[in-house]
Amino acid sequence: MNQRNLLEVDWSTIPAPADDGAAAHLKGMSIPPISLVATDDTSVTLASLPGRTVVFAYPRTGEPGKIALVDDWDLIPGARGCTPQTCAFRDLFAELKAAGAGHVFGLSTQTNTYQTEMASRLHLPFPVLSDEKLELTRALDLPTMQVAGLTLIKRLALIIDDGRISHVFYPVFPPDRNAGDVLSWLKDNRV
């Protein structure tokens, strides 16, 4: 399948992910002191960030004009929509910050090299973290899926307050509305 336009998606034709309970254990967990490489050439340890942090995770962003990871990518519940989700967080970044997010990060298991290109191409105002080695994913037991021999994080968003997860958005659908849902929650739950 050719990924011509990654942002224009008819969500009524995409299967929605079900709540499989795979994120139910996350609320209240402390983030382990694991450093992840970021697209701004820093190393980020989420556990040590003071205040409120928003992390949205996704399976993998695509590249315009490139073949999808697998032919039936759009039929995998929760697979399609990583670029629309990321762009929605980009577009609401200033509002998320104004509503109390001290930091905003994207997170996937893609390489930092790929993510850096994607962050530049999409003009992201926030860093994207690479969990290529699955260290954070395994330590938190994040919900994952196996596609084409790869372990991918299922789409979710975390609100982290002083290193502890205070809220989890899971499952996320449609992906392009996730940033708006997070923004509404931040406005209703100011610290």
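Guide: Let us begin with Val 182, which touches Val 54, Phe 89, Leu 96, Ala 157, Ile 159 and Phe 169, leaving aside residues up to four places away in sequence; contact here means heavy atoms within 4.5 Å. The model is a predicted one, in which local features need pLDDT of at least 70 and side-chain atom pairs count only at pLDDT 80 or more, while totals for chains, interfaces and linings use all residues. Residues are numbered from 1 along each chain as its sequence is written, and side-chain values use heavy atoms, with hydrogens and water left out.

Val 182 is among the residues with the most contacts inside the largest nonpolar core, a core of 29 residues. A nonpolar core is a set of buried Ala, Val, Leu, Ile, Met, Phe, Trp, Tyr and Cys residues joined through side-chain atoms within 4.5 Å. Buried means under 20% relative accessible area, exposed over 50%, and partly exposed in between, with a 1.4 Å probe and protein chains only. Elements that each supply at least two residues of this core include β3 (52-57), α1 and α5; helices (H or I, at least four residues) and strands (E, at least two) are DSSP runs, numbered from the N terminus. The largest share, 5 residues, comes from α5.

Helix α5 (residues 178-188) also packs against helix α1 (residues 82-91), at an angle of about 40° and with the axes 7 Å apart. The axes are lines fitted to C-alpha atoms, for helices over the stretch in contact, and angles run from 0 to 180 degrees between N-to-C directions. The two helices, α1 and α5, are therefore oblique to each other: angles under 35 degrees count as roughly parallel, over 145 as roughly antiparallel, 65 to 115 as roughly perpendicular, and the rest as oblique. Gln 85, Ala 88 and Phe 89 of α1 meet Asn 178, Ala 179 and Val 182 of α5.

Phe 89 belongs, moreover, to one aromatic cluster with Phe 56, Tyr 58, Phe 93 and Phe 126. Rings of Phe, Tyr and Trp (its six-membered ring) pair if their centres lie within 6.5 Å; planes under 30 degrees apart count as stacked, over 60 as edge-to-face and the rest as tilted. Phe 93 and Phe 126 form a tilted pair, 6.0 Å centre to centre with 40° between the planes. Phe 93 lies in helix α2 and Phe 126 in the loop between α3 and β5 (128-130), 33 residues apart. Both Phe 93 and Phe 126 are buried.
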